[in-house]
Amino acid sequence: MGSTIAPISPEGIPTALLPAISALCSVGRSLSRQIARGPLGASLGRNVGTNTGGDGQKALDVLADTAFATALSGTSVRYFASEEREEIVELDPKGHLALAIDPLDGSSNIDVNVSIGTIFSIYEACGGAEASFLRRVRDQIAAGYIIYGPQTSLIVTFGQGVRYYTLDPETQVFELAQDHLCLPEQSGEFAINASNYRHWPVPIRAYIDDCLAGEEGPHARNYNMRWIASLVAETHRILTRGGLFLYPGDARRGYKRGRLRMLYECAPIAFVIEQAGGKASDGLLAIMDQRVEDLHERVPLIFGSPAQMDRVTVYHDLPPAETSALFSERSLFRV
Ligand SMILES: O=P(O)(O)OC[C@H]1O[C@](O)(COP(=O)(O)O)[C@@H](O)[C@@H]1O
Ligand SMILES: [Mg+2]
Ligand SMILES: [Mg+2]
């Protein structure tokens, strides 16, 4: 499983973070190989239990969680918080970092050969285990994801832009492909799980109705829709060619604050998106301007190209009478 070759070329990675980033990449390339074996390997998509948040756990969720915790020991990571664990684990009592992880994101896609990933977020440890994570989202010092798809890639920010590495299958090293990734200012795509339409709040329904109205609607343009059910894959597409992602809170039981976790998913994705020139919010407030209040809390997440973000935000600011009106009457948006 392991390889003695350094998993990533070190230029541009802050020295204090290099051991942790190398460990993430080392596990990433190993997971990439196991995932690529698909039906020839172990059955990674089988159900093995339920995590503390009530989500079903697949074999790969557990395998990835264990592999990251093991590899990050001895890399200056003091506190390890995982979506798959109820409690924070102390890895290295002398370490100065706190790392939060969604070890395997998009687990419903494991068995169907669609892109999945790992999302991570790093803070300076301070004031104990919980205090190291329950703090301002803007305190993150690094965040990113590894995507296991047709290519395995690492997207990472250290707070000065977004770096894009791809795993070279020949050398098994993550090589820098782009050192300053910027997402397009606007696009004609949006991503939302439309099967929840009837449960959405009014501003989300109104926005999507207006997108679906196309050229005849208030936006006066036709849109394209995507839903992969894999946050890393949607993020990667949006970083590459723009668009908007929405996972709002909705009226289903347990979905009042949406589905995605602040600490393991929303905070790191928001950091990456903001550093790439995009925006991320819960509809009203920028995710980066919020606090993590609870290890496993959920938060509505909307992010993407700035022009689309500005538009969807207006729907949240409108008085209810205006948002519930037929789109033809939402004169505000007529262009
Ligand atoms: O099945 P739904 O409700 O559309 O949810 C899809 C979302 O759930 C997730 O799979 C949640 O992540 P996990 O697989 O880590 O639980 C996201 O990647 C994705 O955006
Ligand atoms: Mg996830
Ligand atoms: Mg997960």
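This is a predicted model: local features need pLDDT of at least 70, side-chain atom pairs count only at pLDDT 80 or more; totals for chains, interfaces and linings use all residues.
**Two magnesium ions and a ligand**

Reader: Which residue bridges the magnesium ion (ligand 3) and the magnesium ion (ligand 2)?

Author: Aspartate 102 bridges them, and the two ions lie 3.7 Å apart. Residues are numbered from 1 along each chain as its sequence is written, and chains are lettered from A and ligands numbered from 1 in the order in which they are written.

Reader: What coordinates the magnesium ion (ligand 3)?

Author: Glu83 (OE), Asp102 (OD) and Leu104 (O) coordinate it at 2.2 to 2.3 Å. Donors are N, O and S atoms within 2.8 Å of the metal (3.2 Å for Na, K and Ca); water is not among the atoms, so sites may look incomplete. Along the sequence, the donor residues of this ion are spaced E-x18-D-x1-L.

Reader: And which are the protein donors of the magnesium ion (ligand 2)?

Author: They are Asp102 (OD), Asp105 (OD) and Glu265 (OE), lying 1.8 to 2.1 Å from the ion. Their spacing along the chain is D-x2-D-x159-E. Aspartate 102 lies in strand 5 and glutamate 265 in helix 5 (residues 262-275), so the pair ties together parts that are 163 residues apart in sequence. Helices (H or I, at least four residues) and strands (E, at least two) are DSSP runs, numbered from the N terminus.

Reader: Is aspartate 102 buried or exposed?

Author: Aspartate 102 is buried, at 0% relative accessibility. Buried means under 20% relative accessible area, exposed over 50%, and partly exposed in between (1.4 Å probe, protein chains only). Leucine 104 is buried as well, and glutamate 265 is buried with a relative accessible area of 4%.

Reader: How many residues of helix 5 are buried?

Author: Helix 5 is mostly covered, with 12 of its 14 residues buried. Among them are Met262, Tyr264, Cys266 and Phe271. Just after helix 5, glycine 277 takes a positive phi of about 95°.

Reader: Turning to ligand 1, which residues come nearest?

Author: Of the 15 residues around ligand 1, the nearest are Asp105, Gly106, Asn193, Leu231 and Tyr247. A residue is near a molecule or strand if one of its heavy atoms lies within 4 Å of it. Strand 5 (residues 97-105) gives the largest share of the shell, 3 residues.

Reader: Which side chains have an N or O atom 2.6 Å or 2.9 Å from an oxygen atom of ligand 1?

Author: At 2.6 Å from an oxygen atom of ligand 1 there is an N or O atom in the side chain of tyrosine 247. For arginine 259, a side-chain N or O atom is 2.9 Å from an oxygen atom of the ligand. Taken alone, ligand 1 exposes 470 Å², and the protein buries 89% of that. Accessible areas come from the Shrake-Rupley method with a 1.4 Å probe; for residues, only the protein chains shown count as cover.

Reader: Where is glutamine 172?

Author: Glutamine 172 is in the loop between strand 9 (162-168) and strand 10 (173-178). Its phi is near 60°, a positive value in a residue other than glycine. Most residues other than glycine have a negative phi. Glutamine 172 is buried, with a relative accessible area of 16%.

Reader: What about alanine 220, where is its place?

Author: Alanine 220 is in the loop between helix 3 (202-212) and strand 12 (224-226). Its phi is near 55°, a positive value, and alanine 220 counts as partly exposed at 39% relative accessibility.

Note on methods: Side-chain values use heavy atoms; hydrogens and water are left out. A polar contact is a pair of N or O atoms within 3.5 Å; within protein, one must be able to donate a hydrogen and the other to accept it, and residues adjacent in sequence count only if both atoms are side-chain atoms.
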